[in-house]
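The exercises below concern side-chain contacts in one structure. Work through each task before reading its solution.

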Amino acid sequence: MSSNGALEEAKAPLLEDLALKAEQDDENQSLTKRVWIESKKLWQIVGPAIFSRIASYSMLVITQAFAGHLGDTELAAISIANNVIVGFDFGLLLGMASALETLCGQAFGAKKYYMLGVYMQRSWIVLFICCIFLLPLYLFASPFLKLLGQPEDVAELSGVVSMWMIPLHFSFAFQFPLQRFLQSQLKNKVIAWVSLLALLVHIFVSWLFVYTFKFGVIGTAATLNISWWVLVFGCFAYTVCGGCPLTWTGFSMEAFSGLWEFIKLSAASGVMLCLENWYYRVLILMTGNLENAKIAVDALSICMTLNGWEMMIPFGFFAGIGVRVANELGAGNGKGAKFATIVAVATSSLIGIFFWVLIMVFHDKFAYIFTTSEEVLKAVSKLSLLLAFTILLNSVQPILSGVAVGSGWQSYVAYINLGCYYLIGVPLGFLMGWVFDLGVMGIWAGMIFGGTAVQTVILAIITMRCDWDKEAQKANMHVKKWSEKI
């Protein structure tokens with residue numbers, strides 16, 4: 001036996017002893033102290049993640065609010081461009097980038113720092129190619145929306161707006177991997193500061209384009225291009241100018257190796273998350289085929305915008321628990337991953353209950369942010385009950401999806417999402433909306449209780465029955481497998 005082999009054998013029991021000692025120390029601490037320690041670790045990621053996501057999403061909300069005060073058609077056009085065209089694209093690219101949460105999170109936990117920079121560059125390549133393939137979605141938005149039954153004038157204006165959002169589309173390919181690269185290293189504060197800068201730029205440019213230069217609805221769309229590229233250049237500058245000395249060692253040709261395996265994992269991640277993200281886009285498209293569609297789309301879009309705004313909090317937990325689970329599994333601590341999951345679900349659920357109460361109390365007030373149209377205000381007030389329950393369910397579901405991302409279960413969860421959302425939720429929504437003639441409320445109720453609720457229950461059962469020690473072993477093999485491709 002070589003001296004190196006003997007050394008490795010000597011190290012292995014020592015590492016096992018240290019891991020066992022760490023687990024025993026955890027068990028000896030009181031439950032309150034363990035929750036407090038885990039909450040601090042979680043909020044170190046979640047706090048800045050929530051802020052950066054709210055800031056980024058607020059750019060879309062501000063754009064929609066400016067358009068809403070230009071007129072009902074402009075509001076509908078921006079809403080459909082944001083929620084359907086950009087939303088369709090956003091969901092897929094965000095999902096594909098989430099492959100980095102698994103790979104970078106587990107590699108960082110295993111102290112394989114060099115791999116993170118190469119992973120990010122691979123993700124840039126894969127997402128940029130995907131952006132090129134998705135470009136026709138923006139170029140032919142008008143005929144696509146007309147084919148789906150949207151009103152003629154709204155579809156035409158949405159098509160024009162979508163063309164102006166092409167630079168925004170390409171920014172996603174670079175921003176999403178950058179965020180996950182920094183996030184997996186617990187550098188969320190950097191993302192938060194850059195997001196704040198981009199939000200301030202967006203507010204100023206929106207005011208300038210709409211009220212000073214009078215560019216109208218085109219101006220509101222163009223502002224998103226500027227603010228999102230501020231996000232890209234801000235995070236990129238921090239990364240390459242010495243902010244990540246261990247994980248960024250410059251551009252490397254190694255990013256082009258092992259691309260096929262990376263594409264497969266990115267595709268599984270993309271399908272898993274985009275099936276969730278697209279689900280409520282389908283709701284808006286189905287609503288566009290109802291009678292008096294413009295009012296229905298406006299009201300539903302306002303609810304979906306507020307839902308999306310609040311969803312940035314669960315998405316912050318999605319990011320946080322994904323990193324925590326990946327780090328703990330990468331470090332070989334299955335019990336730590338399980339405890340992190342319990343703390344994250346409990347914390348997010350409490351926040352969801354708070355917002356459920358808030359929506360129920362102010363059901364007839366919150367739509368004033370976007371419109372003064374009496375018809376739209378009344379329609380939003382009727383939908384507020386469903387909005388409240390959607391927010392409540394979504395306070396749990398993204399956290400369970402984050403656990404799946406941190407554990408590398410993306411392809412498995414993709415099948416669950418497909419079955420729950422599109423084989424149960426959408427048909428039930430169609431049945432209640434048209435067959436039982438319950439309109440937009442029927443469509444939405446069917447999709448919430450038929451799809452989201454069922455999916456949440458299934459994910460909860462899978463998470464509770466998970467063998468976390470076995471998942472830690474799998475993560476260790478996963479890191480070794482991918483490090484061999486470097």
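**Exercise 1.** Classify phenylalanine 251 as buried or exposed.

Solution. The relative accessibility of phenylalanine 251 is 62%, so this residue counts as exposed. The classes are buried (under 20% relative accessible area), exposed (over 50%) and partly exposed in between, with a 1.4 Å probe and protein chains only. The model is predicted: local features need pLDDT of at least 70, side-chain atom pairs count only at pLDDT 80 or more, and totals for chains, interfaces and linings use all residues. Residues are numbered from 1 along each chain as its sequence is written, and side-chain values use heavy atoms, leaving out hydrogens and water.

**Exercise 2.** Describe how the rings of tryptophan 124 and phenylalanine 236 are arranged.

Solution. Step 1: rings of Phe, Tyr and Trp (its six-membered ring) pair if their centres lie within 6.5 Å; planes under 30 degrees apart are stacked, over 60 edge-to-face, and the rest tilted. The count by this rule is 28 aromatic pairs.

Step 2: the centres of tryptophan 124 and phenylalanine 236 are 6.1 Å apart and the planes stand at 55°, so the pair is tilted.

Step 3: tryptophan 124 belongs to helix 5 (residues 114-139) and phenylalanine 236 to helix 10 (residues 216-243), so the pair ties together parts 112 residues apart in sequence. Helices here are DSSP runs (H or I, at least four residues), numbered from the N terminus.

Step 4: tryptophan 124 is buried at 9% relative accessible area, whereas phenylalanine 236 is partly exposed at 25%.

**Exercise 3.** What is the geometry of the pair formed by phenylalanine 236 and phenylalanine 251?

Solution. With centres 6.4 Å apart and planes at 35°, the pair is tilted. Phenylalanine 251 sits in the loop between helix 10 and helix 11 (259-287), 15 residues from phenylalanine 236. Ring pairs link both residues into a cluster that also includes Trp124, Phe128 and Trp229.

**Exercise 4.** Locate the salt bridge between glutamate 38 and arginine 324.

Solution. Step 1: a salt bridge is a side-chain nitrogen of Lys or Arg within 4 Å of a carboxyl oxygen of Asp or Glu. The whole structure has four salt bridges.

Step 2: for glutamate 38 and arginine 324 the N to O distance is 2.9 Å. Glutamate 38 lies in helix 2 (residues 31-68) and arginine 324 in helix 12 (residues 293-330), 286 residues apart.

Step 3: both glutamate 38 and arginine 324 are buried.

Technical notes. Helix = DSSP H or I, 4+ residues; strand = E, 2+ residues; numbered from the N terminus.
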